[in-house]
Amino acid sequence: MNYGFNSEELAFRDEVREFLADYADLDGFYCQGHRWPEVRSMFSAMAQKNWLALTWPTEFGGLGKGPVHEYILWNEVAYARAARNPLAAGIVAKSIIRYGTAAQRATWLERIRTGDIHFSLCYSEPEAGSDLAGLRLKATLSDDGTCYELNGQKCWQSYAQDMDFLWVLARTGTQDSRGRGLSLFICDKAANGVRVAPLPTLDGDQLNEVFFDGVRVSVEQRIGDENGAWSIIGEALADERHIQFPPGRVRRDLEDLVAWLNDHDLGHDPMVRERMADLAARVLETEMLGRKVLATMVAGGNATVDAAMNKIIHTTVCQDIARAVLDLGGPEALVTGNRPELIWRQSLTETIGGGTSEIMRSVVSRQLLGLGG
Amino acid sequence: MTGSLDFATSEEQQAVAGAVARFCETHAVERAARDTEGDFPLELWRALAAMGIFAPAAPGYEDAGGALELQAICATLGEYAFPGPVAATYAALQVLTGVTREQVMAGDALVSLSGAGDTLLPYGTVAGVFLIAGDDGIHHAEPASAPAAVRTLGGEAWGRAALTASGVLKNSARGLVIGDIARSAYLTGIAARLVRETSEHAATRKQFGKTLGEFQAVSHPLADCAIAVAAANTLAHAAAAAFDARAADDLSPDPIAAARRLAAGAINSARRGALATAYACHQVYGGIGMTLEGPAFHLTRRIRQVASEAPARSREQSILLADAGLGN
């Protein structure tokens with residue numbers, strides 16, 4: 001058993017830290033919507049090192065590294081508050097590598113690898129949040145079989161306002177076909193009939209609604225088989241489990257909270273110390289659970305349950321750190337523009353996005369405990 | 001750390017855990033764990049010790065395995081709610097020497113580990129070695145008089161007497177870390193059993209025409225218990241690995257710093273998770289869990305008792321707070 005990294009992995013971590021030193025003020029993790037040009041520029045700089053294709057096979061232009069390097073990279077980026085990991089190089093590219101045709105790989109992978117294009121995930125809909133298999137956005141194949149027409153609405157899309165392309169999950173089967181009737185498409189955000197409308201969010205950023213009104217996408221932009229998307233998105237999700245909730249974020253949150261308490265001379269209060277000790281232990285919990293998820297993936301195992309557990313621990317401690325600042329940090333923590341009140345607002349979303357806590361508990365109760373619910 | 005990331009349970013850990021489980025299955029441990037009136041089962045304790053289970057991680061017993069084996073043993077003893085000073089014994093074996101150490105190793109001398117200033121001494125009426133876990137380390141101590149018997153929540157006969165402490169024992173820091181790992185593992189073991197058995201109950205007992213486990217009001221609290229236990233177990237595992245890896249860092253001024261930090265997190269996590277599990281599982285069992293002969297109380301009272309054992313929470317809090325940057 002070994003919970004740490006080997007010397008080569010630690011050297012890579014140091015290289016990442018050196019790179020990130022130039023982006024210490026980027027603050028794109030919380031505020032990407034306001035910092036997209038700078039975040040995009042950082043992704044381009046990462047692409048110069050081929051880090052966007054860190055784990056892609058070398059035959060597709062990647063570095064062929066394993067999930068440990070990927071974890072180290074995005075955990076350090078999260079700790080530095082620089083950005084969230086881009087979906088294009090992860091979910092989108094890995095799905096194209098796994099299921100795309102040779103032509104699709106040639107069309108998309110190089111542009112993603114170089115940071116030239118970025119994607120927004122278009123899965124959720126107003127009536128299909130956690131119950132994704134119930135989505136309604138319809139993709140209808142033309143009579144001549146050359147293109148699909150997309151009609152419907154997506155909802156709660158992160159960063160869609162800034163992205164170049166949309167990764168669209170659409171219904172190609174009957175409505176009652178559930179997950180068996182879904183297909184994946186790449187859609188140019190600039191295509192006729194696409195409209196992105198902002199949904200301002202309580203963290204000062206925005207989600208989006210994306211409307212598709214007779215949007216035509218060519219058959220060549222369908223990734224994988226028609227009605228074959230469910231397993232593709234499941235595998236893509238499994239690919240990302242180790243980097244979806246990097247513990248560097250909560251370690252930094254804890255450090256920020258400690259700095260706040262020290263700056264305001266609150267660190268001696270017994271009530272503060274009692275609560276902070278528990279929070280410090282819980283940060284250790286998510287750091288080690290995060291590495292356990294990673295270790296399971298490295299060993300080729302199924303990390304579904306470990307990842308669900310880690311998501312619960314990670315997101316609840318993230319919220320509890322934010323809430324502790326407001327509980328313990330005195331009225332100054334309420335001042336708009338100070339970091340505590342921003343994190344308090346922002347962290348409310350953590351137990352919702354990426355699979356709600358209720359879904360995660362159901363994964364654990366069903367797959368580990370053999371219960372329903 | 002120079003190897004590759006790996007959280008798997010080793011063959012050595014599985015082997016020692018299996019041996020302890022077989023011992024517990026064949027030695028009426030369940031009856032001893034449920035006992036609330038009798039004397040401490042000294043013969044059972046000696047028989048357990050005769051397996052050599054207290055040797056892992058002890059100085060001079062390197063062939064017996066390290067903290068990872070110790071963790072596996074303690075988790076299994078927890079599964080069976082094995083009575084006695086399990087964590088205290090492992091802690092003591094880091095600091096004791098000579099004949100006393102061999103007596104403890106053989107189960108002939110029971111260890112009482114109490115907090116500084118405490119007069120309530122765990123297993124005080126039957127203990128042969130008295131230790132105090134203070135802020136500065138582990139001290140040897142002698143009772144001023146024969147401890148008077150006191151019954152406790154866990155069904156154990158403790159004792160009451162004042163102690164006179166001597167100086168800090170060598171290897172105290174290691175002893176406290178090993179004690180944290182052992183107690184964390186014991187608590188996660190017992191809590192894991194509670195979650196498993198309560199889930200089995202929820203999967204079979206029907207109310208309103210459905211099994212209890214089909215109600216999210218039941219299954220989700222049990223999922224939270226499983227998550228808490230997994231978190232604590234992972235931390236205990238990491239702490240044990242860090243302790244075993246200390247040889248690689250022996251030139252450092254504090255070769256067990258990483259293990260100390262993780263072990264402090266582990267005991268905090270294990271205590272919190274095991275107690276939450278105890279309360280949640282009682283709720284799921286309903287009236288069935290309210291009876292003395294029922295499936296839960298002998299486990300939950302043991303969780304409560306072990307969670308309150310020395311060292312006090314203030315010690316782990318100091319470690320965690322210092323690590324987080326909130327020093328004294």
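Residues are numbered from 1 along each chain as its sequence is written, and chains are lettered from A in the order in which they are written. Because the model is predicted, local features need pLDDT of at least 70 and side-chain atom pairs count only at pLDDT 80 or more, while totals for chains, interfaces and linings use all residues; side-chain values use heavy atoms, without hydrogens and water.

Over all chains, the structure holds 40 salt bridges (a side-chain nitrogen of Lys or Arg within 4 Å of a carboxyl oxygen of Asp or Glu). One of these joins A:Asp256 to A:Arg81, with the closest N and O atoms 2.8 Å apart. A:Asp256 belongs to helix H8 (residues 248–263) of chain A, whereas A:Arg81 sits in the loop between helix H3 (67–79) and helix H4 (88–99), so the pair ties together parts that are 175 residues apart in sequence. Helices are DSSP runs (H or I, at least four residues), numbered from the N terminus. A:Arg81 is buried at 3% relative accessibility, and A:Asp256 is partly exposed at 26% (buried means under 20% relative accessible area, exposed over 50%, partly exposed in between, with a 1.4 Å probe and protein chains only). Both residues belong to a network of salt bridges that also includes A:Arg84, A:Arg249, A:Arg252, A:Asp253 and A:Glu350.

Helix H8 of chain A also carries A:Arg251, whose partner A:Glu287 lies in helix H9 (residues 270–298). A:Arg251 is buried, with a relative accessible area of 12%, and A:Glu287 is buried at 14%.

In chain B, a salt bridge of 2.7 Å (N to O) is formed by the side chains of B:Asp180 and B:Arg315. This pair links helix H7 (residues 172–204) to helix H11 (residues 313–324), distant parts of the chain, the two residues being 135 residues apart. B:Asp180 is buried at 1% relative accessible area, and B:Arg315 is buried at 12%.

A:Leu348 is located in the loop between helix H11 (339–347) and helix H12 (357–367) of chain A, and A:Leu348 is partly exposed at 31% relative accessibility.
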